[in-house]
Amino acid sequence: MNIFAHRGSSGTHPENTLAAFKDAATLPIYGVEFDVHLTKDGEIVVIHDEEIDRTANGTGFVKDLTLEQLKQYDFGSTFSEQFKGEPIPTLEEVLQVYLHTDHCLNVELKSDVIDYDGLEKKVLALINTYNLADRVVISSFNHEAIKRVKALQPTIKTAPLFLNNMVAEPLQYVEKLDAVAIHTSEKLIDQIDVAAMNSTGRSVRVYTVNHIEQVKPLEALGVEAIFTDYPEKMLRTIATT
């Protein structure tokens, strides 16, 4: 079973920071997942929430702040004083961490609440600038954004995200989107025919798996990958089971 570091090594480092990504980059895992938003001045930054309140020593929506303003905040000390002064990273800074690794890079477009105009085009342009298209999968809860990505670059790998509600026919839905995988919360896994999905060459990936006892049942179902806040722990667990 493959492992994605969810927001980097976010169980042991502040989520979606260079510290978390640099740690994950040292691990022999399959991939890393992170979230992107657009700033007021149109820069792509890596952060999960629409607002900075939870993870920084400040307040406000990402869309209302410039990159320069965002870089003034501390995104590390809310996790631990050990990481005090950790800044918000740009997508470009995160991509540079992985230029010389072989990790799959799961870029989640956080446009399901605020549908950022032009986000897809900007993300693809940066990915192509660094020649990383073959190592990237783009996911989103905003499935219209997934469609826009495919329209802009049909060869890019995509995966729709699901949290509370699953579509009636998951396999047919993923095929219609021309996606390579479905990314779902564990509570929806029983609504997916994992074997049928696998038989078409498409994958089922489950988030967020942080407990050892979750692994074997998912593996038995044929789940291809998990997203975890503790990639190093899960790597050891899977290696010994």
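**Pocket, cavity, cores and helix faces in a predicted model**

The largest pocket holds about 220 Å³ of space, where a pocket, on a 1 Å grid over the protein atoms alone, is an open set of points with protein on both sides within 12 Å along at least five of seven lines, and lining residues have an atom within 4 Å of a point. Grid points are joined across faces, edges and corners, and a volume is the space filled by probe spheres set on the points. There are 16 residues lining this pocket, and those closest to its centre are His-6, His-48, Glu-108, Phe-141 and Tyr-207. By class the lining has five nonpolar, six polar and five charged residues, with Ala, Val, Leu, Ile, Met, Phe, Trp, Tyr, Cys and Pro counted as nonpolar, Asp, Glu, Lys and Arg as charged, and the others, Gly among them, as polar. Strand E2 (31-38) and strand E4 (104-109) each supply at least two residues of that lining; helices (H or I, at least four residues) and strands (E, at least two) are DSSP runs, numbered from the N terminus.

Residues are numbered from 1 along each chain as its sequence is written, and side-chain values use heavy atoms, with hydrogens and water left out.

The largest cavity has a volume of about 40 Å³, and its lining consists of Glu-15, Asn-16, Thr-17, Val-46, Ile-47, His-48, Thr-55, Phe-75 and Pro-89, which divide into four nonpolar, four polar and one charged.

Which residues touch the most other members of the largest nonpolar core? Among its 56 residues, they are Phe-34, Val-36, Leu-91, Val-123, Ile-138 and Val-204, a core being a set of buried Ala, Val, Leu, Ile, Met, Phe, Trp, Tyr and Cys residues joined through side-chain atoms within 4.5 Å. Helix H4 (residues 119-129) gives the most to this core, with five residues. Apart from it lies another core, of 10 residues, including Ile-52, Val-62, Leu-67 and Leu-70.

Turning to the helices, the buried residues of H6 (residues 170-177) are Pro-170, Leu-171, Val-174 and Leu-177, where buried means under 20% relative accessible area, exposed over 50%, and partly exposed in between (1.4 Å probe, protein chains only). These residues sit on the same side of H6 because they cover an arc of only 130 degrees around the axis, the arc being that of the directions from the helix axis to the C-beta atoms. Their cover includes helix H5 (143-152), strand E6 (157-162), strand E7 (181-185) and helix H7 (194-199), and just after H6, Asp-178 takes a positive phi of about 60 degrees.

Thr-158, found in strand E6, counts as buried because its relative accessibility is 0%. Leaving aside neighbours within four places in sequence, Thr-158 is in contact (heavy atoms within 4.5 Å) with residues including Leu-177 and Asp-178.

In helix H9 (residues 231-240), Pro-231, Met-234, Thr-237 and Ile-238 are buried, and they line one face because, seen down the axis, they fall within an arc of 120 degrees. The face of H9 turned away from that buried side carries the exposed residues Arg-236, Ala-239 and Thr-240.

Note on methods:
Predicted model: local features only at pLDDT ≥ 70, side-chain atom pairs only at ≥ 80, totals over all residues. 1 Å grid on protein atoms, 1.4 Å probe; cavity = no way out; pocket = protein on both sides within 12 Å on 5 of 7 lines; lining within 4 Å.
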